[in-house]
Each structure stands twice: as C-alpha cells, then as structure tokens.
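Here is a brisk report on how two protein chains meet, and on how far the model can be read. Start with the structure itself.

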Amino acid sequence: MKKALLVLSLVGALALADKSVLKTATINQNSYPDKSVSELQEMVLKKAKSAAANEIYGEDMSSATVMANGRVLDDVVKKHSGGVIRLKGEPKYSNGKSFGELVVTIEAYATDEDIKNAASANVSEAQIDDADSKIEKVKRGFYGVWGGFAMRNDGSSKDVKIDISDAGEAIVAYPLQKCGGDLIIQEKGISLVKFKEKIVYGDSGCARDGVVWLQKVNDTQVTYTQFGKDGVELSKGTLYRE
Amino acid sequence: MLKILFFLFVFLLAGCNKSPSVNKSTVPPKWISNPSQTQSIGSSVPNFQGVYMQHMNAVNMAKSDIAHNVKSQISSMLQNESFVTSNMATNKSKDKIEALSNVIMSHSYQADAHFDDDGKLFVLLEGGWSSVGKKPELLHEISTRPFDKQELVQSRCYAPAVLESIQTRSSLFQDKPVWFFRPKSISKNGIVGIAEKEEKMSFEQQKRVATALAQAAALKERMLQVKSKNELLKVVDGDVSGQVYESFMMTKSASTKVDELNIIDIWLDPKSCELYIYGE
C-alpha cells in the first residue's frame, strides 16, 4: 500500500512538473549589416524564446477577410502564443556552420502555474474592425447627390447635377441648358461607374445618347466625363457631394 | 575618360536582371471552361499588390461560389412602370435579384491553378461538402523546367549570401514552383504561403510572414465561415438598358491551435521578390 502511494505521488509530481524545452535559434548576421553584436544577440535570443513559447504553450491563430466585387478590402491574420518564459542558466552563443551565422541555445521552462494562467487567458478571434461599414462604403460609394461644373470641348461650361439613389436609380440634370434625363448603369467598379445617358426633357442643346463616366477622386469628389455616341469626349469636370 | 564610362556602362548592363526566357503561352486546362459539380473556379487579374492578393482574390471568389452552390437564399424584386406621353409609350423597369449565403465550409482545398497569357490567375477549388471522401479529378499533365539558381542570384532581392542559401527543390511551371499550382500533389496536407518583400524587411522576417500566411491558409481550409451576398440589378429605360453585378463577402476562421509548419520547399520570385513557402 505504501509502495502504491509512493508511485502515485511520484506520478502526481511528474504531472505537475514545470515544462522545459531546449531551443536553438540561428540568425544570419549578413542580413543585418547595420546591427551591433549585442543587438544581434538580443534578436536571436528573442527568436529562441518565441520558439520555446510556441512549443510550451502552442499557438492560436485566426483569420478574417472582407471582399467586395472580387477585390480583397481587408485581410487579417492573428497569431497568438501566450505565457511567461523562464530561462535556466545563461544563453549559450556560438558561431553557426555557415559564414555569418550566430547561434543561441537556451533551456527555457514555464511553471505549471504559468501554463494554467496562459490557458485561462481569453484569446479573441481575428476581427476586422467595422467590416460591415467597409462593405457599405463600397456599396454606397457613388450614391448621393453630386453637383459641379464641366468644361465642354468648345470652351464653354455647363453645370451638372447627378442624383444617384440608394435603389440604384440615377438622374442627371443640366440646369443652365434646361435639360436632363436618366442615367442607366452599365458598369460599376469600386472607383469608376459608367452610365448611358438618356435625355428625356429639354431642348436640342443637350447632347443625346451619350455616355457618362464618374471616376471617384475621394469620398466627396468625382470626375465627370461625358462622351458622345462616337466615343468623343464632349465635356469634363469635377463634381462635389452635396 | 570615355573608356572608363564605357566599362562602367558594360558593367551596369552585366548586372541587370536577366528575365527568364520562357514561353508562357500554355494550353489552358479543361477545368477552366468545364468544371465538375464538386469544383469551383475563381479568377483574378494581376494587381500591384502581388500574387498573394491575386491568389486570395481568386480563392475567395471560388469559395463564395461554393457557398452559394450549397445554400443560398434568393430574393427578387421587379418594378415595372409604363406610361404614355403625347406621342409615344415608354416602359421603365428595374429587376433586382439578391442571393445571400452564410455557411460553414470545411475541407475545401486548391486542386489546380493556371495563369492565362494576360497573367489572369484561375484557381480550381475542390471540396466543401459533396466531395468529401471522393477521389479528386485527374489533372492534366504540365510541362515544367528546372529551377535555375542563377536567375535568383542575379535578382538582387537580398544579399548574394542569402540568395545562395535558398535551395528550391521543385521544378517550375509558368515561372512558379509546381506546388504553387498543385499544393496537394506532393503532400495531402500541403499548403502555400506567399509574402511580399517590404522595404527594409529581412529575409527571416519575410519568411516568418510567409510561414504565418501558410498556417492561416491551412486554418481556412479546415473550417471557415463564409458570408456572401451577390446582387444583380437590371434596368430598362425604353430602348436603353443596363445591368450591374456586385458581390460582397466576409470570411472568418475559428481561433484554434496551429501546428508548427514543416517547411518542404521555398522559392523566391526573382522578379517580384515575393517569397513562397510550401509546407505541411
């Protein structure tokens, strides 16, 4: 019975023993010509400690991505390895096999308490801050009322007003020329949208059956370009969000 | 003086990076135009952010496609308006179709990839649900060339000693290691991580980023929440019509323990200095 108790207590003591690892890390001094020896030693020691932490505590990883219209807007990879790393003795530095290599060997350990603490620490998932608003921004990129002036290729100017609704309907007005109509979407990218222009009211002074491009400059500014039926540029200007 | 300038000119020319003279035009694989039911294809044009982003765009597009094949909630809204003016009848209509998908995707992996002559990347994804346990489709044969160390040494991505230390074992197809296209062909757990070279970044730092990205890719293959929304808007205004298609997607993996990556091979692109890590 005493022997059984002794065996049990030995097993128990082993299970609660500190976790210890021997780690060797190498760094190539040629890659860091501007670093001093002590800085290099610090870097390689950090690398060895990081490797020890990975082995003792394991690594948690998570990833998140936001994409709009075939383009990645944000991609986050989060890697976490927790816990306190303690060293037994001094780090041993030596030269590696290849020229310029600096090697360090450490004996690192964590106590049972350290491991328990690390396990209870909360590890959050990778989060993309305001992912929904990033998508919303792309979706609503061109929505709103835009106004400004455009220069025609004969040197005269005209005022332009474009209203793009949340539902994707767009209308254009040229107040000075007293004409306007609908803009029918043809292509929409993150920074460029192309419309066919259908003038439905006003006199013959308005170009008909043209194409309008809006190129995003920033959130409050777009470049307006109007092309005729034959693809010739008729007018160009800057519109501002109203 | 002229002689010195001449020698200097010759010296500079000799140091210029020689682009590998490879015929990039290859026959596109059949899966691009005819994927099977358990496959999905994503594509992406080249972009200035490098192959990592181009690849991610294509893979995510394929994943969104798989998600919609599995489960998709479709809603449609049609608005029609007809009116008569003094001398003509006009019809205006707007048709909006929305498809929403929110699924947990597991065991989806890249089976093959291909660059077309314009540099557009096509990625073939297998798996998801229906193909679990099924034998993968047979892939076509590709003609490869051996890795040439000289191309890398001349690249000036890093100091010559660092470049000399990079030993790529894989042969190249379309100027990239074969495992970039077919990561499961060498190891069934094979995975690729690509890291671009940023200013003042050391080779070791770049390698760490590529390794972490490979681990993240492995994580995404195992289990991934995919939320995706596709919208199609058709507008008719008399004799003028137009339509616009938009897609939005969010993916999220669980936070889990990852194993250390066992690096099988490594390749540094001599043109872009992007580092490719292949591991399991």
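Lys257(B) forms a salt bridge with Asp60(A), with the closest N and O atoms 3.1 Å apart. The model is predicted. Six salt bridges are found across the interface of chain B and chain A. There are also 14 residue pairs in polar contact between chain B and chain A, both residues being at pLDDT 80 or more.

Several elements of chain B each supply at least two residues of the side that touches chain A, among them helix 2, strand 3 (89-106) and helix 6 (203-222). Strand 10 of chain B gives the most, with 13 residues. By class, this side of chain B has the following make-up.

| Class, side of chain B touching chain A | Count |
|---|---|
| Nonpolar | 20 residues |
| Polar | 14 residues |

The contact takes 45 residues from chain B and 43 residues from chain A. About 3800 Å² is buried between the two chains, and carbon and sulfur atoms give 52% of that area. In chain B, Phe248(B), Met250(B) and Ser255(B) lose the most area to chain A, together 14% of what that side buries.

Within chain B, Gln54(B) lies in helix 2 (residues 51-70). Gln54(B) is buried, with a relative accessible area of 4%. Beyond its neighbours within four places in sequence, Gln54(B) is in contact with residues including Ser44(B), Phe115(B) and Leu121(B).

Now confidence. Chain A has a mean pLDDT of 83, and 88% of its residues reach 70 or more. Over residues 1-16 of chain A, pLDDT stays under 50. Where pLDDT is low, the predicted coordinates should not be read in detail.

Conventions
Residues are numbered from 1 along each chain as its sequence is written. Chains are lettered from A and ligands numbered from 1 in the order in which they are written. This is a predicted model: local features need pLDDT of at least 70, side-chain atom pairs count only at pLDDT 80 or more; totals for chains, interfaces and linings use all residues. Side-chain values use heavy atoms; hydrogens and water are left out. Helices (H or I, at least four residues) and strands (E, at least two) are DSSP runs, numbered from the N terminus. Buried means under 20% relative accessible area, exposed over 50%, partly exposed in between (1.4 Å probe, protein chains only). Contact means heavy atoms within 4.5 Å. pLDDT is the predictor's confidence in each residue, from 0 to 100. Buried area is the accessible area (1.4 Å probe) that two parts lose on being put together, summed over both. A salt bridge is a side-chain nitrogen of Lys or Arg within 4 Å of a carboxyl oxygen of Asp or Glu. A polar contact is a pair of N or O atoms within 3.5 Å; within protein, one must be able to donate a hydrogen and the other to accept it, and residues adjacent in sequence count only if both atoms are side-chain atoms. Ala, Val, Leu, Ile, Met, Phe, Trp, Tyr, Cys and Pro count as nonpolar, Asp, Glu, Lys and Arg as charged, and the others, Gly among them, as polar.
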